[in-house]
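Hi,

Here is the structure I promised you. Have a look at it first, then read on for what turned up.

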Amino acid sequence: HAAADGPLRDQARWELARGTLAQAQAGGAAADFAAAAPLLADAVAEGVPPGLEADAAWYLGEARWQAGDRAGGLATWRALAAATPDARAAEVPRLADVLFALGAAAAAGGQRAEARETLMRFERLYPGHRLAADVALWRADLLLDDAPIAAERIVAPLAVDGGPKADAALDRIGAARWKRADWKGAAEAYGRLADLHARSPLASAGALAAGMALAEAGDRDGARRRFAALLAGRGVVPARAGRELARLEARAGDPHRAADAAERCLAALTDRATEPGLGAALESARADALWEVPTRRAEAIAAYQRLVREHPDAEVADSARAMLALAALEAGRTDEALRAAEALLARVGDPPVGGAAVSLALDAAASRAEALLAAGDGAAAADAYGRLIDRAGGDARRGTWPARHGAALAAAEEWSDAADALARALPLLQRDPGAGNARSAALLL
């Protein structure tokens, strides 16, 4: 009322603004927060009851943020943080909420330096605060990439069994150990997360990560147990477990079990729209496993064809195209193999020269070179193999390709160059225990 004195007007202004914000908080609609923001801004500008200045600024920042004006919300909070010296922090407990919000927003927005400085200020000013554990988790997240040991050290006190943030702390510890390739340590942390905090929303992902770390550590039996325990469920995590189990069995030389794991988990993936690439990855794992069983090659080819048809833009679709080119080559359909390899090269591009060559591009280039040789075009095959060897980098197949290069030169009747190429290839083949047939063929040629 116009006749009300100053303190009463301040109180009324504050109650109106705070009540409007409370309604917005109850409903959660951005429009309601937008309606509360100017009332709170007016209260901050004109005055609020003594002692509520920091609360008013905090709520104004919240209203602006929730209304979609993120920059305005951050600016409001930054102004309060800058206007409050550390010496007055105890008098302004709301500053803790402001610092946490600013630090979390900066971290989520990729402003790492600001986030670190803000969160460390919180830690220095408010030890033991109700948000201290959350601050420690954010600080660890900021350090995971560059200083994983420091990240683990920050959250280690939170990982006490039964603590309110123990599950999240174990998740960060597992990630920190994973970053530095401490596979056994990562499996231990993720395993504790899964076993001691089974009701945590992080538990199933922790069990999956524990299995993956055990696989990396060479503990296949332990990894199998972790993955198998997840297969009883349905959804994305069990399907991911199936994908990892299929990969594990394939690496262990058991394609039958690999195919079975992939098939079981395709059935478990009830909503593939949740993670579109996961269904395609499982189908790719199944097809790869079937390929390794000679009597099931036809099923594998059909699976690759279906994968390309149903998931043409999936990450694994080009790998399926490479396998179809190889299948055509092995079946003697050289023209089809050549067309498939050249089409794939057009999609993925030539592999870069040396070093970080892309494996898929190398697959396509190798299929093209071999198709040209099988078609009788020795000169073109020799040129293709020469380019491939230049680009092979550290690819394991680099030991066998020089022998095929020599064979292509021989097919082109470049006898002297062929002999030189094969002589260079033999030492590489002798170091490869799996290249016995190629070594014999090179010696005979």
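How are α5 and α7 oriented: roughly parallel or roughly antiparallel to each other? Keep in mind that this is a predicted model. Helix α5 covers residues 94–108 and helix α7 covers residues 132–143, and their axes cross at roughly 25°. Angles under 35 degrees count as roughly parallel, so α5 and α7 are roughly parallel to each other. Their axes come within 11 Å, and the crossing is left-handed. On the α5 side, the contact is made by Phe-100, Ala-104, Ala-107 and Ala-108, and α7 brings Asp-134, Val-135, Trp-138 and Leu-142. Sorted by class, that gives 7 nonpolar residues, 1 charged and no polar ones.

Now try another pair. The axes of α11 (residues 203–216) and α12 (residues 220–230) come within 7 Å and cross at roughly 155°, which makes α11 roughly antiparallel to α12. This crossing is left-handed too. Among the residues making the contact are Leu-208, Gly-211 and Met-212 of α11, and Arg-226 and Phe-227 of α12. Here the classes come out as 9 nonpolar, 3 polar and 1 charged.

The largest nonpolar core has 46 residues, and Phe-227 is one of the three, with Val-155 and Tyr-190, that touch the most other members. Leaving out residues up to four places away in sequence, Phe-227 touches Leu-208, Gly-211, Met-212, Ala-241, Glu-244, Leu-245 and Leu-248. Apart from that core lies another, of 40 residues, including Ala-24, Ala-81, Leu-95 and Ala-107.

Cheers

Technical notes. Residues numbered from 1 in each chain as written. Predicted model: local features only at pLDDT ≥ 70, side-chain atom pairs only at ≥ 80, totals over all residues. Heavy atoms only, no water. Axes fitted to C-alpha atoms, helices over the stretch in contact; angles between N-to-C directions. Helix = DSSP H or I, 4+ residues; strand = E, 2+ residues; numbered from the N terminus. Parallel < 35°, antiparallel > 145°, perpendicular 65-115°, else oblique. Left-handed = near helix turned anticlockwise from the far one by under 90°. Contact = heavy atoms within 4.5 Å. Nonpolar A, V, L, I, M, F, W, Y, C, P; charged D, E, K, R; others polar. Core = buried A, V, L, I, M, F, W, Y, C linked by side-chain atoms within 4.5 Å. Buried < 20%, exposed > 50% of the residue type's maximum accessible area, 1.4 Å probe, protein only.
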